[in-house]
Amino acid sequence: MGMQPVLEIKGLWVNYETEEEIVHAVNGIDLTMYGGESLGLVGETGAGKTTTCLSIMQLVPDPPGLITDGEILFKGEDMMLNTDKRNEEIRGNGISMIFQDPMTALNPVVTIGEQLSEVVRTHQKVSKAEAKQKVIEALEVVGVKRDRYDDYPHQFSGGMKQRVVITMALLCQPELLIADEPTTALDVTIQAQVLELIRTLQSESGTSLLLITHDLGVVAETCDKVAIMYAGEIVEFGSVDEVFRNTLHPYTKGLFDSIPKMTGPCERLTPIEGLPPNPADLPKGCCFSPRCKYKMEICEREKPGTRGEGHTAKCYLV
Amino acid sequence: MSVLLEVRNLSKYFRVASGALHAVDNVSFTIDAGKTLGIVGESGCGKSTLGRAILRLQEPTAGRVFFDGMDITSFSKEEMRQIRQHMQIIFQDPYASLNPRLTIAQSIEEPLKVFQPKLTEAERRNRIEELMELVGLSRRNFNAYPHEFDGGRRQRVVIARTLAAEPRFVVCDEPVSALDVSVQAQILNLMMDLQKQLELTFVFISHDLSVVRHISDAVGVMYLGQIVEYADKDTLFQNPGHPYTRALLSAIPSVDLDERRERIILKGEITSPINPKPGCRFAPRCEYATPQCTAADVELEDAGGGHMIACVRRRELFT
């Protein structure tokens with residue numbers, strides 16, 4: 001591809017440092033996204049998914065968070081070398097983020113109309129009336145009627161609130177939308193509505209989508225590509241088709257085997273034995289080796305590099 | 001197989017400012033000893049209230065619950081206290097259901113003190129160690145506190161504490177929902193092993209249909225306080241007969257790339273359970289609704305072989 005990537009993460013390392021310990025949240029990840037792509041970032045609690053996103057946005061809480069190495073290029077521009085003012089411009093206009101809990105993402109004492117117009121007026125030079133018009137149009141796209149402009153967040157249900165948050169993220173037509181577990185707090189029938197909405201908006205606007213989730217089913221239905229995170233590393237990366245059909249990494253295999261299936265006989269599940277490592281005390285070799293069925297002598301001694309072309313995995317078996 | 005639990009026309013209403021909130025409305029079912037009944041439904045459908053009403057943790061507004069042939073809804077407080085030894089509950093959040101100031105051994109010890117007061121201290125200690133082993137906790141964690149544990153191991157402590165009472169029947173209210181998928185699989189396997197080993201009977205409440213399909217023998221689907229469909233697991237998942245069940249099943253994102261089903265995207269959201277109007281409560285969101293659906297209340301009817309469906313159009317649809 002000769003195109004310039006929308007987002008390039010190169011060798012990113014992030015720690016949370018306190019007096020007692022250093023938590024290694026993100027440990028050398030590389031990731032490239034092109035225009036219009038949707039990428040699922042999958043992992044369990046504490047895998048470093050959210051820290052990765054906060055790093056992209058340059059919003060890692062400091063202290064205790066510290067990006068110790070790496071580059072984050074948004075359309076070639078290194079976010080880490082930018083001034084705070086420039087990054088503020090990029091957030092909203094260039095990159096937007098949807099958080100998991102729609103309730104905490106909205107101000108409870110301000111009407112949703114006011115909150116949304118504020119976004120427009122912060123990032124674009126428009127009059128109050130123009131901003132209102134833009135907001136009403138955007139709300140209608142996501143299925144919120146115009147007579148709800150003056151309602152407060154508590155008057156909305158969870159699914160409707162998430163629609164408002166999605167509107168807020170898309171108002172300035174960002175080139176990259178980061179959605180952190182956008183449907184985890186919602187019921188399945190509402191999740192289906194919201195995912196369809198995100199898919200439609202994304203394909204119509206050409207926005208790139210970085211979707212963070214613990215649910216491989218959501219990835220299968222929404223994304224083109226997928227990155228599997230474990231203990232702060234991307235252990236497998238590829239197209240959804242490749243990763244789901246020809247799974248390479250033992251951790252990814254373990255995840256698939258842990259999920260109860262919706263069809264076929266209900267066989268005994270094969271969980272991954274043990275627990276994820278303590279991020280303040282990571283193993284020396286492969287981060288998954290203490291739980292891996294296929295562990296070899298070298299796995300404990302030396303960390304495997306990223307292997308493979310296109311569909312890659314950090315595993316000696318590849 | 002003998003019936004261990006029968007729930008007959010159970011209702012639980014809550015009085016609110018604007019009227020009566022019908023959390024559970026006229027629910028009936030039976031469970032055979034050693035089996036699992038899965039209850040699925042979305043937030044606010046009344047599945048947790050149902051679980052609590054069965055144990056009289058919330059006093060039912062109407063209806064009866066028979067445990068081993070005894071009508072426990074007529075029991076006195078003292079009789080209820082005695083029978084609760086056999087009827088236990090596991091909650092969703094293992095962080096909230098353990099006392100942070102007790103060691104895990106002390107937590108597991110509590111039911112032993114209550115229900116087996118004659119045990120000596122040494123006998124109690126042995127029993128605690130046995131229970132810890134049973135749920136896969138190492139003996140060296142005897143004096144650990146809950147905060148030292150992750151969610152999965154905390155849920156193991158909760159299960160050990162539940163089993164200390166030696167129950168025959170357990171209501172499991174979303175016991176794996178707070179856990180990551182790899183840990184969730186460990187706990188599901190543990191619960192199924194224990195069920196076989198100790199001949200336990202479960203009501204398993206969950207919003208996750210794949211988990212319910214995995215663990216249940218029969219499944220009831222709840223919508224706004226009512227069971228709208230009930231069948232053995234295979235029938236319900238292969239041949240759902242209620243429009244709501246069909247929409248629910250189609251909404252689950254699947255990891256199987258070859259199983260791209262047609263999606264039924266429901267319009268609108270759950271309506272209010274306060275003073276519900278007569279007729280089918282799902283009708284406002286149902287693509288098949290006719291005036292007939294809201295004319296009168298819809299009862300569960302047998303569509304054959306115990307496959308119960310509450311839908312007036314069940315004969316014309318999906319057969």
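In helix H5 of chain B, the buried residues are Gly151(B), Gly152(B), Arg154(B), Gln155(B), Arg156(B), Val157(B), Val158(B), Ile159(B), Ala160(B), Thr162(B), Leu163(B) and Ala164(B). Here buried means under 20% relative accessible area, exposed means over 50%, and partly exposed is in between (1.4 Å probe, protein chains only). Helices (H or I, at least four residues) and strands (E, at least two) are DSSP runs, numbered from the N terminus. The model is predicted: local features need pLDDT of at least 70 and side-chain atom pairs count only at pLDDT 80 or more, while totals for chains, interfaces and linings use all residues. Residues are numbered from 1 along each chain as its sequence is written, chains are lettered from A and ligands numbered from 1 in the order in which they are written, and side-chain values use heavy atoms, with hydrogens and water left out.

Let us stay with this helix for a moment. Because twelve of its 14 residues are buried, H5(B) is largely enclosed by the rest of the structure. Its buried residues pack against strand S6 (87-90), helix H3 (104-115), helix H4 (121-134), strand S7 (169-173) and H6 of chain B, where contact means heavy atoms within 4.5 Å. The length of H5(B) (residues 151-164) fits as well: at 1.5 Å a residue it should span 20 Å, and its end C-alpha atoms are 20 Å apart. That expected span is 1.5 Å times one less than the number of residues. After the helix comes Glu166(B), whose phi is positive, near 55 degrees.

A nonpolar core is a set of buried Ala, Val, Leu, Ile, Met, Phe, Trp, Tyr and Cys residues joined through side-chain atoms within 4.5 Å. This one has 65 residues, and those touching the most other members are Ile108(B), Val135(B), Ile159(B), Met191(B), Phe204(B), Leu209(B) and Tyr244(B). Helix H6 (residues 181-198) of chain B gives the most to this core, seven residues. Beyond residues up to four places away in sequence, Met191(B) touches Ile159(B), Cys172(B), Pro175(B), Phe202(B), Phe204(B) and Ile215(B). Apart from this core lies another, of 60 residues, among them Val42(A), Tyr149(A), Leu195(A) and Leu197(A).

Elsewhere in chain B, strands S1 (residues 3-16) and S2 (residues 19-32) run antiparallel and are joined by ten bridges; two strands pair if DSSP finds at least two bridges between them. They form a hairpin with two residues between them, and Phe14(B) has Leu21(B) as its bridge partner. In the loop between strand S9 (218-223) and strand S10 (226-232) of chain B sits Leu224(B). Although it is not a glycine, Leu224(B) has a positive phi of about 45 degrees, and it is buried, at 4% relative accessible area.

Now turn to chain A, where seven strands form an open sheet of mixed pairing in the order S6-S7-S8-S3-S9-S10-S11. Strand S6 (95-98) and strand S11 (312-313) stand at the edges with a single partner strand each, so one side of each is left without a neighbour in the sheet. Within the sheet, S3 (residues 38-42) and S8 (residues 208-213) of chain A pair in the parallel sense over five bridges, and Leu39(A) stands opposite Leu210(A).

Where does Val226(A) belong? Val226(A) is in strand S9 (residues 225-230) of chain A, and it is buried, with a relative accessible area of 0%. Leaving aside its neighbours within four places in sequence, its contacts include Leu39(A), Val42(A), Phe237(A) and Val243(A). By contrast, Lys128(A) in helix H5 (residues 128-141) of chain A is exposed, with a relative accessible area of 61%.

The loop between H1 and strand S4 (65-74) of chain A holds Pro63(A) and Pro64(A). A cis peptide bond joins Asp62(A) and Pro63(A), with omega about -10 degrees, and another cis bond joins Pro63(A) and Pro64(A), with omega about 5 degrees. In the loop between S4 and strand S5 (77-78) of chain A lies Lys75(A), a non-glycine residue with a positive phi of about 50 degrees. Lys75(A) is partly exposed, at 39% relative accessible area.
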